[in-house]
Each structure stands twice: as structure tokens, then as C-alpha cells.
Amino acid sequence: MTSRALYLFGSAAPPVFQVAEVIETAQADGWDVCLGLTPTAARWLDESLDVLAALTGHPVRSEYKLPGEPDAWPKADVILFAPATFNSINSWALGLTSSFVVGVVAEGIGKGIPTVTMPCVNAAYAQHRQLDRSITELRAQGITVLYGEGGFEPNPPGSGTPRGYPWDLALGAAKQLADEA
């Protein structure tokens with residue numbers, strides 16, 4: 001059986017430090033994982049980027065490739081964007097594609113790539129009305145957003161438990177999207 005390609009994208013939120021474990025879990029489930037990070041998340045993981053590239057067998061990307069440069073990744077079967085920060089969710093919903101991962105997920109809507117995202121925002125950010133607007137917009141465009149009951153639920157600023165981030169829900173949703181495609 002040929003493995004399916006999972007684009008695993010992450011923003012700079014504490015659960016991104018668990019990405020190696022998430023990659024290994026996804027690979028054990030038969031995924032060929034390609035890791036993309038926002039520039040800040042890439043800076044946070046800078047010391048482990050080579051290890052993560054070796055783990056996936058693909059370069060870790062955080063920047064757009066140059067025009068005419070061949071793509072080093074296989075075509076995505078599913079995209080999982082988690083953790084997705086307040087900035088990434090809002091940028092995506094508004095079509096602001098200054099970062100590579102937001103550009104790929106925004107374009108993925110038009111390409112029909114099944115996509116799931118799970119935000120990671122604190123309760124203070126969750127009070128900003130734009131977050132709800134952005135989540136509504138992404139859902140209206142066919143994105144599976146795991147937020148609120150049955151997904152990620154915000155906690156007070158500074159009180160999060162990165163190990164409590166529900167990665168299993170995110171990977172399960174990605175698998176379900178792939179099975180339905």
C-alpha cells in the first residue's frame with residue numbers, strides 16, 4: 001500500500017514542541033509526513049529542524065520556494081494545520097498569505113485539498129470577535145475546524161498545558177478526511 005501524504009503545519013504555540021511525537025504517530029498510521037512551520041515556529045524549533053527533516057525524509061519548510069524551483073514534497077492528500085495560532089487562523093480566513101503555511105492552506109481551499117485545523121489560542125484571544133468570524137469563514141469554505149466542544153477549548157493566558165493539546169483528535173480528523181476523499 002502506498003502511504004498518503006500528510007502536510008503537517010504548525011504555528012508558534014507550545015504544542016508545536018511535540019511535533020516529533022506527532023510525526024511518529026502519523027507515520028505509524030501510514031502517513032508520509034511533510035512538515036511546514038510558520039517562521040516563528042521554525043525559529044522555536046531551529047535546533048531540531050535537521051532531526052525533523054531526517055524523521056520525515058523531507059525538508060522542513062517555512063518559506064516559499066523560488067519560482068521555477070522543483071517541489072521537494074509529494075502532492076498533499078490531507079493538510080493538518082495544528083497548532084494554529086490566532087494570527088494564523090485570522091490571516092488564513094482573510095486571505096493574507098505572507099507566510100508559507102498560510103499560503104498553502106489558503107490555496108488548498110481552491111485546490112480542494114481536505115484540510116483540518118485545530119487552533120491553539122488562550123481565552124483572552126478567544127474574546128476577540130475576529131476569531132469567531134475567522135472560524136466561521138473557514139468552516140464555510142469547507143475546512144474542518146476543531147474548536148470549542150469536541151476540539152480545542154481555550155484556557156486562561158499562561159495556564160495552558162501543552163501536553164493536554166488534543167493531538168489525537170486532530171490526527172483522527174485528518175484520517176477521516178482522507179478516508180472520505
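These legends walk through several close-up views of the predicted model shown above. Residues are numbered from 1 along each chain as its sequence is written, and side-chain values use heavy atoms, with hydrogens and water left out. Because this is a predicted model, local features need pLDDT of at least 70 and side-chain atom pairs count only at pLDDT 80 or more, while totals for chains, interfaces and linings use all residues.

**View 1. Five strands form an open sheet with parallel pairing.** Follow the strands across the sheet and you will read β2-β1-β3-β4-β5. The edges are β2 and β5, each of which pairs on one side only. Strands here are DSSP runs of E with at least two residues, helices are runs of H or I with at least four, and both are numbered from the N terminus. Two strands pair if DSSP finds at least two bridges between them. Strand β1 (residues 4–10) meets β2 in the parallel sense over 7 bridges, and phenylalanine 9 has glycine 36 in β2 as its bridge partner. Although β2 is an edge strand, 6 of the 7 residues of β2 (residues 31–37) are buried, so this strand is largely enclosed by the rest of the structure. Buried means under 20% relative accessible area, exposed means over 50%, and partly exposed is in between (1.4 Å probe, protein chains only).

View 2. Setting aside residues up to four places away in sequence, leucine 6 touches Trp31, Val33, Val78, Leu80, Leu171 and Ala174, among others. Contact means heavy atoms within 4.5 Å.

**View 3. Threonine 117 sits in strand β4 (residues 115–119) and stands opposite phenylalanine 81.** Strands β3 and β4 pair here in the parallel sense over 4 bridges. Threonine 117 counts as buried, at 0% relative accessibility. A polar atom of the threonine 117 side chain lies 2.7 Å from the backbone oxygen of phenylalanine 81. A polar contact is a pair of N or O atoms within 3.5 Å; within protein, one must be able to donate a hydrogen and the other to accept it, and residues adjacent in sequence count only if both atoms are side-chain atoms. Beyond four places in sequence, the contacts of threonine 117 include Ala84, Ile89, Trp92 and Val145. While you are here, look for the cis peptide bond that joins alanine 82 and proline 83, with omega about -5°; proline 83 belongs to strand β3 (residues 78–84).

**View 4. Threonine 115 is another buried residue of strand β4.** Its relative accessible area is 2%. A polar atom of the threonine 115 side chain lies 2.9 Å from the backbone oxygen of isoleucine 113. Leaving aside neighbours within four places in sequence, threonine 115 is in contact with Ile79, Trp92, Val105, Ile143, Thr144 and Leu177.

**View 5. Phenylalanine 152 and tyrosine 165 make a tilted ring pair.** This is one of 12 aromatic pairs in the structure. The ring centres are 5.7 Å apart and the planes lie at 50°, so the pair is tilted. Rings of Phe, Tyr and Trp (its six-membered ring) pair if their centres lie within 6.5 Å; planes under 30 degrees apart count as stacked, over 60 as edge-to-face and the rest as tilted. Both residues are in the loop between β5 (144–145) and α8, so the pair ties together parts that are 13 residues apart in sequence. Phenylalanine 152 is buried at 7% relative accessible area, and tyrosine 165 is buried at 5%.

**View 6. Two arginines lie over tryptophan faces.** Arginine 4 is 4.9 Å from the ring centre of tryptophan 31, and arginine 61 is 5.4 Å from that of tryptophan 73. A charge sits over a ring if NZ of Lys or CZ of Arg is within 6 Å of the ring centre and within 35 degrees of the ring normal. Tryptophan 73 also belongs to an aromatic cluster with Tyr7, Phe9, Tyr64, Phe81, Trp92 and Phe100.
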